Amino acid sequence: MTTNVPAYEVHAGEHGGAKPNFLNVTKGFMSWAATLDHKRIGIMYLIGVTAAFLAGGLFALLVRLHLWEPTGLLFDNATYNQIFTLHGAFMVFIFVIPAIPGSLGNIVLPIMLGAKDVALPRLNLLSFYLWVTGTCFALYAILAGGFDTGWTFYAPYSLYSTQAVISIGLGIFILGFSSIFTGLNFIVTTHKLRAPGMTWFRMPLFVWAIYATSILQVLATPVLGITILLVAFERLYGVGIFDPRLGGDPVLFEHFFWFYSHPAVYIMVLPAFGIISELVTVHSRKPLFGYKLIAFSSIAIAVISFLVWGHHMFTSGQSTYAMFAFSFLTFFVAIPTAIKEFSWVATIWKGSIAMNSPMLYTLAFLIIFAIGGLTGVILGALNVDIHLHDTYFVVAHFHYVMMGSIALAFFAGLHHWWPKIFGVIYNEGLAKLACGIIFVGFNATFIPQFVMGSRGMPRRYATYIEDYQPFHQASTIGAMVLGAGVALMVGYLVHSLLAGKKAMQNHWGGVTLDWLSPTPPPLENFDEAPVVTTEVYDYSTLDLKTTQTPVR
Amino acid sequence: MSHDHGHSVVVPAPGPGFLPHTVAHHFDTPKQEFQAAKLGFWLFLATEILLFGGLFAAYFYFHQVYPETFKVGGAQLNWRLGAVNTIVLLLSSWTMAMGVRSAQVSQKGKLLMYCALTVLGAVIFMCIKFVEYQAKFDHGLLPVFGGMHDALGQQLQWYTDHDGVMAGVPHGNLFFSIYFTMTAIHGLHVIIGAGLIVWIMFGAAKGRFHANYFLPVDLVGLYWHLVDLIWIFLFPLLYLVP
């Protein structure tokens, strides 16, 4: 892809070296807290979601430690219920849903489009502060006694529980608006702020993925919003819509909740797919196989995701015909998903593969996601799901897709764009080591859970019969290893910010606009507005000098 | 359009009494800014429709399950007052559209007048709503079932139905729960819309809106039309169908 961006020139000795970039162009707390720059907002999100991830991870470690003993090692049952609820709520609403769009999406998407910023920068900042406010409500809810309903807040227990359900509900409601406004912003940006010459089919696939995610965010999240409001009204005024004592229907809650929460899991995973699409092409230095297939499959997944919510409710007493339909559609959504997986593998095939840390995380993703996705199809089969519903098999399935796939893709994307955003590179040896530890630890945590789930271990149980103890203990050890790997990763990444080596101008040799902008980017992303004249993954345009010249 | 400071695009005022508008720095042309804002706002309206959509889904579900309750409950509502409210909102949508038109031809006085009329419509609507709610209070037809506890743990006895109008149908409280939830959330949006129109009036008085820049008036107008549209669906479903 050639642009009219001149080759980056450094005039040594002028103003002490390089031109100002977005990190140092203005200084001081308010220049960050009141920034309208999408890159700074993205970094603030990054810090926030990382903290949320570590908090959610801490709750996870507490859960796993507690389950070391069949009678429960650490807590009484009621407290255990709160701990796993916190783990789920923090991870789903405060970490996974906002993480990739809020951090990498915000930082990278406008640059990839050749724009100076997102379409609605003040709305972007508002989205961030809504995230902060929602998180504060969640923290308040913990201080106000916690909540123990599970992250799914099923009626009627969520109506009767005497704990801080309304507080966390309001927090999630506010977080929902953060999500809606972020999605709205990205849709408008994609439609209106593409550089001249960038047609829809010259957009990088990360943009397609975020676009599909944004459609889901805008259309699905309001339904969660109204559901939470109704639960709050029920608790406050006895509205009676979900409470069977008042004529309401608790299964209606499940329908409302999953109508959002199934698209929500695609809100979580589609950006991860986008990251993998970018990484496989750059680190194999080969155009993406099946570009249009991958682009359309993102949209197809977004559409079909609205039609499968009932597969979370196969044991709730739906009509058989409804269950047939949901099961069939669940299998059907696996098709565009598999198209992606195969296209990624085909991209790597016979490419010039660089076995660096982003690529290792990508390969780990491809293996883990295959397992996660296939076990989802297994759960979509009615006769099997009757036995596996609410067992550890389900827990293992969604951790394979949420932790093993989405979180790994997030890590991969961080490693990939780290040199671009910060102009420094982390210790590659430690990165490879951490990837290995995370891969081993992750599988060690969750494979035992597949096995014990298939043998009947129910989920969300604070205690269990002794037969399951070896599986639980293996899983706990795996979780500790996984935690160590994550800690190592955070360690060397932070260290790189303090004392890292300078990165290269175009560290990995990408050809999309994000790699052609200066490193780190200036405030308005480019020195001169780019014009696009070539196809999107045309590596013949790659200037190898930029992959060898360090940032000044 | 002109450029000042070497970078910003400025839309000039069409005459004395009006202010120029500076296009946001990340847009290249005023048209791009206008289109981006409009697209964003339509997306936001879509989210509002989905928010109410959940409530309509609940309405249809319970209507299906308890048709008698909805028939008798709907008969308790004053359809004449509801009809007046419908006409008031429809008229206010017209005045709002006229307001947008006034902005488009730089008629500041008329813009202010039409906005004021629209707000007046909103106030009339809320007053009639208040009267209706008052009547429900008097009959003890409120959304709370006796035996429930509020957030402070105190027993609530609001749904008393002391005139026994809902006797004989199952779960009479459900109809009123849905009625109050839907109309209250709608009423909240009426108030928000009125607030936005007042904000427009402040800007209009300063001369911010004119033929070259009327975007905020346009978008607030869209919001008001949505508020009206939702009532057009609420009124027949709650008042007329039973």
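## S496 in helix α15 of chain A

S496(A) sits in helix α15 of chain A, which spans residues 469-499. The model is predicted. S496(A) has 20 other C-beta atoms within 10 Å, so it counts as buried. The cut-off for a buried residue is 20 or more.

Which residues does S496(A) contact, leaving aside its neighbours within four places in sequence? They are V424(A), I425(A) and Y426(A). Take I425(A): 71 residues separate it from S496(A) along the chain. The C-alpha atoms of this pair are 6.3 Å apart.

## Helix α13 of chain A

Helix α13 of chain A covers residues 392-422. The helix has a kink of about 40° at H416(A).

Is α13(A) largely enclosed or largely open? Of its 31 residues, 29 are buried, so the rest of the structure largely encloses the helix. G423(A) follows α13(A) and has a positive phi, near 75°.

## Where chain A meets chain B

At the interface, 33 residues of chain A are in contact with 30 residues of chain B. On the chain A side, α6 (165-192), α7 (205-237) and α8 (250-284) each supply at least two residues. The largest share comes from α7(A), with 11 residues.

What is the make-up of this side of chain A by class? It has 22 nonpolar residues, 7 polar and 4 charged.

## A helix pair in chain B

Chain B has its own helix packing to inspect. Helix α3 (residues 79-104) and helix α6 (residues 215-240) of chain B have axes that come within 9 Å. The axes cross at roughly 165°. Angles over 145 degrees count as roughly antiparallel. The helices α3(B) and α6(B) are therefore roughly antiparallel to each other. The crossing of α3(B) past α6(B) is left-handed.

Residues on both helices make the contact. From α3(B) they include W79(B), G82(B), T86(B), L89(B), L90(B) and S93(B). Also on α3(B) are M96(B), A97(B), G99(B), V100(B) and A103(B). From α6(B) they include V217(B), D218(B), G221(B), W224(B), H225(B) and D228(B). W231(B), I232(B), F235(B), Y239(B) and L240(B) of α6(B) take part too. By class, the contact of α3(B) with α6(B) has 14 nonpolar, 6 polar and 2 charged residues.

Terms used. Residues are numbered from 1 along each chain as its sequence is written. Chains are lettered from A and ligands numbered from 1 in the order in which they are written. This is a predicted model: local features need pLDDT of at least 70, side-chain atom pairs count only at pLDDT 80 or more; totals for chains, interfaces and linings use all residues. Two residues are in contact if their C-beta atoms, placed from the backbone, lie within 7 Å. Helices (H or I, at least four residues) and strands (E, at least two) are DSSP runs, numbered from the N terminus. Ala, Val, Leu, Ile, Met, Phe, Trp, Tyr, Cys and Pro count as nonpolar, Asp, Glu, Lys and Arg as charged, and the others, Gly among them, as polar. The bend at a residue is the angle between axes fitted to the seven residues ending there and the seven starting there. A residue is buried if 20 or more other C-beta atoms lie within 10 Å of its own, exposed if 12 or fewer, and partly exposed in between; C-beta atoms are placed from the backbone. Axes are lines fitted to C-alpha atoms, for helices over the stretch in contact, and angles run from 0 to 180 degrees between N-to-C directions. Angles under 35 degrees count as roughly parallel, over 145 as roughly antiparallel, 65 to 115 as roughly perpendicular and the rest as oblique. A crossing is left-handed if the near helix is turned anticlockwise from the far one by less than a right angle, and right-handed if clockwise.
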